[in-house]
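Trainee: I have a structure to go through with you. Can we take it contact by contact?

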Amino acid sequence: MQPGEAAAMEPAPGPQEKYHLITRNLQEVLGEDKLMAILKERELKIYWGTATTGKPHVAYFVPMSKIADFLKAGCEVTILFADLHAYLDNMKAPWELLELRTRYYENVIKAMLESIGVPLEKLKFVRGTDYQLSKEYTLDVYRLSSVVTQHDAKKAGAEVVKQVEHPLLSGLLYPGLQALDEEYLKVDAQFGGVDQRKIFTFAEKYLPSLGYAKRVHLMNPMVPGLTGSKMSSSEEDSKIDLLDRKEDVKKKLKKAFCEPGNVENNGVLSFIKHVLFPLKSEFVVLREEKWGGNKTYTAYEALEKDFAEQVVHPGDLKNSVEVALNKLLDPIREKFNSPELKKLTNAAYPNPSKAKPAEKGTKNSEPENVVPSRLDIRVGKVISVEKHPDADSLYVEKIDVGEPEPRTVVSGLVQFVPKEQLQDRLVVLLCNLKPQKMRGVESQGMVLCASSVGEPRQVEPLDPPAGCCAGERVYVEGYEGGEPDDELKPKKKVFEKLQADFRVSEDCVAQWKQRNFLTKLGRVSCKSLKGGSIS
């Protein structure tokens, strides 16, 4: 019996049961009364949109599992591949790759839905450019732009549209187009992450000014990535790609933030709660007999309680998620193993590192591309600080950067920062310098600090935004998507060339060529050294 046939034989759920299915595990619903009123009369029409930018990763199973809930509740579901939005968002998808990336998204989203047993024939798939270039839609964009303020447009996109120092006009159009999609897709509700909330409230405010109805808005929580921050396509270590090999899944889960007893910002637990439990209604923790054997949980709360009380070990939790996740990924890997889809993947996401290098010594060889994304800069937490046994001016620190073991780092901060100010502090660490011995102790990174220009010299470690987790990536604005070198070659002097343009702005923000150092939570700064250098 097929999943669709089984569903057809089940009795139709009533309005209250439909409401529970539609809203379970959501963080917020705007328009609850309207939602219930519609369910008492007819089936809900709802859409979920995704901009066709970076490769979808395993966090996309979170909205997929909710789409399964919507279908169980009898909803009419539309999936929008927002190709035009991908281009408007600071050209995250270049125009020449737009069609290829949209095709990739169509194939991979459908493969994900099939892997969790969602019947595709019950869904409607639409591309944004199918209707967003029409005369009527374009006229509504102009009508909307005549009533929306620049302030409201910028505020609405603040959590979704890529924020840059000199924003493009396209980013201001983005929220308006998403609002109009609700009308042109003829839906009652829009579903998205809680990061979309400002766009949703923007739509509620402005659609009635064009004579269109206010819609219901359903919001998922943002699922933490493997490093404890938001799972992101541009942060390689924070996410598992849908086409990652099994050994890559194992490696990334092994490094995932999953502190014993800590249920906050725990991406492994969140994945179980928002994906595995809704799909299977149970989760099996796999473990050896000597540790109690396998245990099946039929309620997430019981699993979370056991983890908080350290009855469940992080290693067993990770191993169990690895098995369950690979079962979801196997059919997707198999589908994308075809020559046609391999070709599409490579064309939609060309690997810049595979560009043919110019022959050594030729006159026309281009200079090496020295960009900030080649630096592996991460948030670190100082676990311990000791004086170097053989050098009075050096500290030897143990710094957690989200790896299985903390790194040993030697830094010359004794004259500038008291030991107690470093202990348990969040710092910014350059992680891909070649390890080198400093007075007999191997240093595996560099704590980045701001320095004053004149005398007496002052030095302050750079500060990540409050709330960052150890291992979270630090990047330069506009260079989020590149991959860092595994190890910087000393002879190439990549860091030295980039460091020459590191500066602290007048508002104490760390910058490279006037572009801010950022994490997912905001800007990297220092305490007081305006106009200083960074090294």
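Trainee: Which residues are linked into a cluster by ring pairs?
Mentor: This is a predicted model. Ring pairs build the cluster. Its members are Tyr104, Phe336 and Tyr349.

Trainee: How many aromatic pairs does the count come to, and what is the angle between the planes of Tyr104 and Phe336?
Mentor: The count comes to 13 aromatic pairs. Among them, Tyr104 and Phe336 sit 5.5 Å apart, centre to centre. Planes over 60 degrees apart count as edge-to-face. This pair is edge-to-face, with an angle of 65°.

Trainee: Where do Tyr104 and Phe336 lie, and how many residues apart are they?
Mentor: Tyr104 is in helix H6, residues 98-115. Phe336 is in the loop between H14 and helix H15 (339-348). The pair links distant parts of the chain, with a separation of 232 residues.

Trainee: What is the centre-to-centre distance of Phe502 and Phe517?
Mentor: Phe502 and Phe517 form an edge-to-face pair, with 85° between the planes. Phe502 lies in strand E19 and Phe517 in strand E21 (residues 515-519), so the pair ties together parts 15 residues apart in sequence. Phe502 and Phe517 are buried. Their centres are separated by 5.2 Å.

Trainee: At what angle do the axes of H9 and H10 cross?
Mentor: Two packed helices are described by the angle between their axes and the distance between the axes. Helix H9 spans residues 169-184 and helix H10 residues 197-206. Their axes come within 9 Å. The crossing is right-handed, at roughly 65°.

Trainee: Which residues of H10 meet H9, and how many residues of the contact are charged?
Mentor: H9 brings Tyr174, Pro175, Gly176, Gln178, Ala179 and Glu182. H10 answers with Ile199, Phe200, Phe202 and Ala203. The contact divides into seven nonpolar residues, two polar and, on the charged side, one.

Trainee: How many salt bridges are there, and which residue forms one with Arg333?
Mentor: The search of the whole structure finds 28 salt bridges. In one of them, the closest N and O atoms are 2.8 Å apart. The partner of Arg333 is Asp330.

Trainee: How many residues apart are Arg523 and Asp507?
Mentor: Arg523 and Asp507 form a salt bridge, with the closest N and O atoms 3.7 Å apart. Arg523 is in strand E22 (residues 522-523), and Asp507 is in the loop between strand E19 (502-504) and strand E20 (510-512). The pair links distant parts of the chain, at a separation of 16 residues.

Trainee: Which residues of helix H2 are buried, and what covers them?
Mentor: Helix H2 runs over residues 15-23. Its buried residues are Lys18, Tyr19, Leu21, Ile22 and Thr23. The cover includes strand E1 (28-30), helix H3 (32-41), H4 and strand E6 (216-220).

Methods. Residues numbered from 1 in each chain as written. Predicted model: local features only at pLDDT ≥ 70, side-chain atom pairs only at ≥ 80, totals over all residues. Heavy atoms only, no water. Axes fitted to C-alpha atoms, helices over the stretch in contact; angles between N-to-C directions. Helix = DSSP H or I, 4+ residues; strand = E, 2+ residues; numbered from the N terminus. Left-handed = near helix turned anticlockwise from the far one by under 90°. Contact = heavy atoms within 4.5 Å. Nonpolar A, V, L, I, M, F, W, Y, C, P; charged D, E, K, R; others polar. Salt bridge = Lys/Arg side-chain N within 4 Å of Asp/Glu carboxyl O. Phe/Tyr/Trp six-rings, centres within 6.5 Å; stacked < 30°, edge-to-face > 60°. Buried < 20%, exposed > 50% of the residue type's maximum accessible area, 1.4 Å probe, protein only.
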